[in-house]
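Subject: Structure handover

Hello,

Here is the structure I said I would pass on. My notes on it follow below.

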Amino acid sequence: MSTVLQNNLAHETSPYLIQHAGNPVHWQPWGEEALALARAQNKPILLSVGYAACHWCHVMAHESFENPDIAAVMNELFINIKVDREERPDIDQIYMTALHALGEQGGWPLTMFLTPGGEPFWGGTYYPPEPRYGRPGFIDVLRAIAKAYHTDFERVGRNRQALLDVLSRIPQRGDKAFGADGLAQAIAALAGITDPVNGGTKGAPKFPNASYLELLWRGGPGSEARRLMLLSLERICQGGIRDHVGGGFARYSVDEYWLAPHFEKMLYDNAQLLELLALAWQETRRELFRQAAVELVEWLQREMMAGDGRAFAASLDADSEGHEGRFYVWKPHELVETLGIDDAEFVAHEYDISDAGNWEGQSIPNRLGKSDLSPALEIGWQDLRPRLIEKRAGRVPPARDDKVLADWNGLAISAFTRAAAIFARPDWLDLARAAFHFVAESMADGDRLGHSWRQDRLLKPGLASDLAAMIKAALALHEAEADDAYLTRAVAWAEAIERDYADAEGGGYFLSASDASALITRPRTSLDDAVPNANGMMADNLVRLTALTGEERWLKRGDEVLTALSPAMAGNVFGHASLLNALDLKLHGVEIVVIGGGESAERLYRAALNQPFPTRIVLRADSLEALPSGHAVRQAGELGEAAAFVCSGQRCSLPVRDETALAETIRAMRG
């Protein structure tokens, strides 16, 4: 095999990999070819994992990967492999787990050192070119690791084996399901780690982790947990993590106040936050939450449409013109140039924009510490926003990662569907339908899905998260439209995930398919990341499938998943919030069955859909006979006119005929 290498990323589809195609580093994409090169040359592998919108990934690229001297050392000592974590979360999950096992906190860029067989033996995250921040210089690290690989066989072998043992460990399988008391304790524990002043988890940085915030919401009306969820969303909406001009939210805040974000915007955060904003507005009717939701959707439509304009792109970069946040910050003179002196003074006062600035000498618009704008001032601000958006459009925009990810789009589809009912926005439902059909058609892989689509190229096989998120989307659309085509699709995908991703030993689901290209281990974890874990999403899906199909197989599988993963849930409540959310739906959710046609049935149906979606399942049928066989409501007898029933567990209410009675019955059934 030739020892002459070059950078081989130019023909990849990932925008992140293409960003590095001009580096002097001889980057290779992940694959057997790169591993074979390492074996042939007896070189360790330097694996670098990041994503297109990652600020510190850009920093390390500019400092080290674009530096010819550092690149020369990398090329001499290693086979260098670059991976997009969004395109290959299976690879990222394996090696991030290994890094955690080394006692490192983790993050991106992920820098791992592997044997030619792909086995990890050392790693870290960002390394500066010279020693600083308490970190060794990258060249020193490279030389030390390469020397250890070739000379310190005992240490490298010991590390390698210890990490392989961690990666191959089968999780403890439970034999007793988490109960209502355990769920209540879990919610109380999360409330205890929540910042009582600023919301979110205590300290910094702060991430708008949606599964955790949803679990707080499930504490119920009037509870401390629900109050803390609403407080967290209030501060997120007031803070600089929200783009007050253009809409949408950045990935996280570096401080404890939600003021200064790393400025990348991710589809998954915004999709999940849209659902939470809908819940918060539904309870409080605060304009703060409604307007944040509306602006978020406007931003997605304006800047994030991909896939022939039907689906949604993955992310926007943190940087532009080589500087983090430059696109989003303001100086007072820019406001004056755009709005005139009087309106500029209003915006500067209300949104904390000053000559001194609140971040590195410039100002991130925010409303921290301020009460909500009055209706009249809110109207005035909304009149000014388009002019600021237009002004900002003249700047160099952040780069967009325009790949379409099936799982992230699934989260967006279900969010649009659910928020459409609460905010009475049928146009949002149109967006959900279009994105669903794009993923279902353009990203189909037999009865499964591919994971990533870009420029008519589909990366497959897809992941359990792709199927789980798109099943969630299909079920949301089925509930919202009573269209059996969505339910049929959800069932087909559920059968596929059981066939090709189920983990017989662990009880849940592997991330990768049974026929995926072999890695050193088949990744399995039930922990949530910034997105809910496939196991948590599927547990929720299985509860809904049980109600919507009446099939016992889904009830049995749902119970199996929740029981098998109960030790993991008990051991790490925060990391298993999505599973606990699914458990709450199983224990406390209600099924609302609407029977009949005509205007009265439509009113009952809309009232059912307007119930908080985390704890309701809506089944619409033209007649009792159209219900799944064995459904308790089939025994209701002659109805005569449209009616709704509320079911919880094995009991169902008497028929109700109007929206007020429906709401009262739901409250009574929940106790």
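Phe574 has a relative accessibility of 31%, so it counts as partly exposed. Please keep in mind throughout that this is a predicted model.

Phe574 sits in the loop that lies between α22 (566-571) and α23 (577-588). Leaving out residues up to four places away in sequence, Phe574 touches Leu190, Ile193, Thr201, Asn209, Tyr212 and Asp528. Leu279 is 295 residues from Phe574 in sequence, and the C-alpha to C-alpha separation of the two in space is 20 Å.

Glu214 is another residue I looked at, and it belongs to helix α9 (residues 210-217). Is Glu214 buried or exposed? Its relative accessibility is 17%, and the cut-off for buried is under 20%, so Glu214 counts as buried. Apart from neighbours within four places in sequence, Glu214 is in contact with Leu276, Asn581 and Pro614.

Disulfides

How many disulfides does the model have? The count comes to two. With the bonded cysteines counted along the chain, the pattern is 1-2, 3-4.

The link of Cys647 and Cys652 is right-handed, with 105 degrees about the S-S bond. Here the two ends fall into separate classes: Cys647, at 5% relative accessibility, counts as buried, whereas Cys652, at 31%, counts as partly exposed. A further cysteine, Cys237, has 0% relative accessibility and so counts as buried.

Nonpolar cores

In soluble globular proteins, nonpolar side chains tend to be buried together. The largest nonpolar core in this model has 201 residues. Which of its residues touch the most other members? They are Trp30, Leu47, Phe416, Trp428 and Phe436. Not counting residues up to four places away in sequence, Trp428 touches Leu274, Ala293, Val294, Val297, Phe416, Ala419, Ala420 and Phe423. Another core, of 16 residues, lies apart from the largest one, and its members include Val594, Ala608, Ala661 and Ile666.

Strand β4 spans residues 110-114, and five of its five residues are buried. In a regular strand the side chains alternate between the two faces of the sheet. In β4 both faces are covered: Leu110, Met112 and Leu114 are buried on one side, and Thr111 and Phe113 are buried on the other.

What does β4 pair with? Strand β2 (residues 45-50) runs antiparallel to β4 and is joined to it by five bridges. Within that pairing, Val49 has Leu110 as its bridge partner in β4. Strand β5 (residues 120-124) is also antiparallel to β4, with four bridges between them. Here Thr111 has Gly124 as its bridge partner in β5. β4 and β5 form a hairpin with five residues between them, and in the turn Gly118 has a positive phi of about 85 degrees.

A four-stranded sheet

There is also an open sheet of four strands, in the order β21-β20-β22-β23, with mixed pairing. Its edge strands are β21 (616-621) and β23 (651-652), each of which pairs on one side only. Strands β20 (residues 590-595) and β22 (residues 643-648) pair in the antiparallel sense over five bridges. Val593 stands opposite Phe645 in β22.

Two helices pack on this sheet. Helix α20 (residues 534-549) touches β20 and β21, and its direction makes about 25 degrees with that of β21. Helix α24 (residues 598-609) touches β20, β21 and β22, and its direction makes about 160 degrees with that of β21.

Regards

Notes. Residues are numbered from 1 along each chain as its sequence is written. This is a predicted model: local features need pLDDT of at least 70, side-chain atom pairs count only at pLDDT 80 or more; totals for chains, interfaces and linings use all residues. Side-chain values use heavy atoms; hydrogens and water are left out. A disulfide is a pair of cysteine sulfur atoms within 2.5 Å. Buried means under 20% relative accessible area, exposed over 50%, partly exposed in between (1.4 Å probe, protein chains only). A nonpolar core is a set of buried Ala, Val, Leu, Ile, Met, Phe, Trp, Tyr and Cys residues joined through side-chain atoms within 4.5 Å. Contact means heavy atoms within 4.5 Å. Two strands pair if DSSP finds at least two bridges between them. Axes are lines fitted to C-alpha atoms, for helices over the stretch in contact, and angles run from 0 to 180 degrees between N-to-C directions.
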